[in-house]
Each structure stands twice: as structure tokens, then as C-alpha cells.
Amino acid sequence: MTKTFHQPVDAAEVPRFAGQATFMRLPPVTSAEGLDIALVGIPWDGGTTNRAGARHGPREVRSMTSLMRRAHHVSGVVPFDAANIADVGDLSVNPINLLNGLQRIETGMAKIVAAGALPLSVGGDHLTTLPVLRALRKSQAGPIGMIHFDAHSDTNDTYFGDNPYTHGTPFRRAIEEGVLDPKRVVQIGIRGSVYDPGEHDWARAQGIRIIYMEEFVRRGAASVMEEARRIAGTGPTYVTFDIDSIDPSMAPGTGTPEIGGFTTREAQEMVRLLPGVNIIGADVVEVAPPFDVGNMTALAGATIMFELLCVMADMIGKRRKS
């Protein structure tokens with residue numbers, strides 16, 4: 001059965017620096033039909049409030065995924081044997097019209113969801129997650145849960161007057177629209193200066209569990225992820241990983257860096273503790289190559305993407321066998 005699944009180009013046959021740049025060196029396809037997991041780029045940063053550049057994230061992360069090998073060295077998972085996976089390209093975007101850009105992303109993601117594939121996307125700024133969640137919500141019986149790794153809560157209300165759509169507001173909008181169930185949302189790694197001491201009051205009042213970086217340091221990954229899995233429960237859950245959750249000493253190429261973040265090793269450990277969560281989609285966002293150094297942020301994004309891919313593919317493979 002596994003012979004019918006798409007397979008990555010063999011780096012022992014074609015050098016990593018050669019050939020077409022696709023996520024994980026998998027075949028490019030034009031449709032998600034027949035796929036278990038669709039790898040997709042969302043090259044759009046229309047919600048960025050300061051340092052733009054995440055629109056270039058998918059291209060650079062694609063390049064760095066050439067460094068990912070077939071098997072996970074800890075879990076032993078070979079995602080390409082457990083699930084049918086391919087690169088479906090980039091969603092159509094509009095860099096000069098925010099609302100149209102959001103609609104294009106939602107429409108493109110809805111086609112992937114309708115085909116029956118789980119999306120694993122690379123942004124793009126964090127506002128790209130809102131239309132993805134909207135598309136997923138339409139396929140579910142109720143609101144979605146979310147495990148959210150980030151330096152920022154992204155639950156602010158408006159910016160620059162009454163503008164409701166920026167990369168600092170997506171999850172407030174998602175809760176208001178009934179897309180997310182706030183009581184099944186956990187945010188991990190929140191830190192840094194804020195606009196106001198009560199900035200997170202609204203999020204907490206809705207039922208969101210905010211785990212600040214200081215609490216993570218005290219408790220450690222195993223304890224925090226045990227709680228995260230309990231909050232998510234057995235219902236459909238989205239996993240979103242903002243690269244700025246990682247300390248800028250290890251991931252400098254991002255729009256809003258905050259010192260005091262996760263090490264890359266801690267980030268990997270947390271993703272490896274996701275099994276048991278009913279994941280219906282995931283993303284890595286806010287990789288901004290113009291601010292990167294030696295492609296190290298793009299490499300971090302590619303590695304987290306591979307970690308998520310292994311968890312999702314293993315989940316699918318186990319369901320197929322049961």
C-alpha cells in the first residue's frame with residue numbers, strides 16, 4: 001500500500017541543492033485529491049503591523065526542507081510511508097487588498113479541506129491562520145480547539161483606529177465568529193512587553209488558557225503539554241506555531257522578535273508531545289527571510305514543519321490500521 005504514496009526525492013541520487021524546490025522534496029501536485037496531508041504555502045503578510053517579509057517565508061522554508069530526511073530519529077516515524085503527502089503549491093493571494101487576500105486564502109483552503117486532506121501550511125503572517133480556521137470550521141460540527149505556540153496572544157481588538165484585521169487580532173476574530181472554542185484553546189510561550197497591563201484580560205475572560213514563558217520555564221515541556229492535550233481533549237484541534245515563540249538568538253528572521261523564548265530543542269520536544277491530539281490542520285507562520293541570518297529561521301521553520309508532519313502522518317497511519 002505504501003508504494004502508492006508520494007515519496008521524496010532521494011538525496012543520495014539527487015543532491016539537496018538540485019532539482020525543483022518543494023516541501024520535503026515531494027512531488028508538486030495541482031490538487032489535494034487523494035492526499036492525506038497537503039503541504040501548502042501562504043505567501044501573504046497583509047496583516048503585518050511593523051516588519052514585513054513573512055510573504056517570502058514559504059519559498060525559503062521550501063528550500064530548507066531539502067535538509068529533512070525520510071525518518072524521524074526519535075519516534076521512528078517515516079511520514080511518507082504512513083500517509084500520502086504532496087506539495088500543493090501556494091494559495092492565491094492579493095498583496096494589495098487585505099479583505100480580498102483573506103477571502104482568497106479561505107477559498108483555496110476550502111478546496112483542500114473538501115478534498116479530504118489535512119492542511120499543513122507555511123505562512124505568511126499570523127493573520128493567515130484566520131481564513132484557514134474559517135475554512136476548517138465549515139467542515140466541523142462545532143467550534144475548533146487550538147494549541148498555539150507564540151510569543152504573543154494575538155487576541156487584540158483593533159489597530160490604527162478601527163482596523164480589525166492584523167496579525168495581532170486573528171484569534172479574537174475567530175472566537176467572535178464562533179470558529180474557535182476558547183475553552184479548548186491554550187497559548188504557550190507568551191511573553192514580552194504589552195500595550196497595556198490588561199491586554200490579555202479579554203482572552204482570559206473567554207476561557208483561553210495562557211501559559212506565559214515564565215510558567216513554562218518553571219514546569220517544563222512535559223507538564224505543559226500534558227495540560228495542553230487535556231485542554232484540547234478529543235475534539236478537532238488546530239496547531240499553530242509562530243516562529244517567534246523561539247528565541248531570536250535561534251530564529252532572528254521574524255517580524256516581531258521577543259527575547260527569552262523557547263530553544264529550538266524545547267520547541268521540538270513540545271511538538272513531539274502532541275500525539276493523542278485530534279489534529280485537523282497545522283501551520284508554521286511568521287518566518288520573515290529578509291531578517292534572517294544564514295537561513296537559520298527558515299531551517300527552524302522547516303524542522304518544526306517536519307516534526308508536525310511526523311505527528312500528523314503517524315496519527316493518520318494508526319487510524320488507517322485500526
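Helix α10 covers residues 296-321, and its 26 residues stretch 37 Å from the first C-alpha to the last. That's close to the 38 Å you'd expect at 1.5 Å a residue. Since 19 of those 26 residues are buried, α10 is largely enclosed by the rest of the structure. Keep in mind that this is a predicted model. Here's a quick look at some other parts.

- Strand β7 runs over residues 237-242, and six of its six residues are buried, which leaves the strand mostly covered.
- In a regular strand, side chains alternate between the two faces of the sheet.
- Here, Thr237, Val239 and Phe241 sit on one side of β7, with Tyr238, Thr240 and Asp242 on the other, and both faces are covered.

**Who β7 pairs with**

- One partner is strand β4 (residues 144-149), which lines up with β7 in the parallel sense over five bridges.
- Within that pairing, Gly145 has Thr237 of β7 as its bridge partner.
- Another partner is strand β8 (residues 279-285), again in the parallel sense, this time over six bridges.
- Thr237 turns up here too, with Ile279 in β8 as its bridge partner.
- To get from β7 to β8, the chain goes through helix α9 (residues 264-272), and this β-α-β crossover is right-handed.

**Helices α3 and α4**

- Two packed helices can be described by the angle between their axes and the distance between the axes.
- For α3 (residues 98-114) and α4 (residues 129-137), the angle is about 40 degrees and the axes are 8 Å apart.
- That angle makes α3 and α4 oblique to each other.
- The crossing of α3 past α4 is right-handed.

Note on methods: Residues numbered from 1 in each chain as written. Predicted model: local features only at pLDDT ≥ 70, side-chain atom pairs only at ≥ 80, totals over all residues. Heavy atoms only, no water. Buried < 20%, exposed > 50% of the residue type's maximum accessible area, 1.4 Å probe, protein only. Helix = DSSP H or I, 4+ residues; strand = E, 2+ residues; numbered from the N terminus. Pairing = 2+ DSSP bridges. Right-handed = clockwise from strand over helix to strand, strands pointing away. Expected span 1.5 Å × (residues − 1). Axes fitted to C-alpha atoms, helices over the stretch in contact; angles between N-to-C directions. Parallel < 35°, antiparallel > 145°, perpendicular 65-115°, else oblique. Left-handed = near helix turned anticlockwise from the far one by under 90°.
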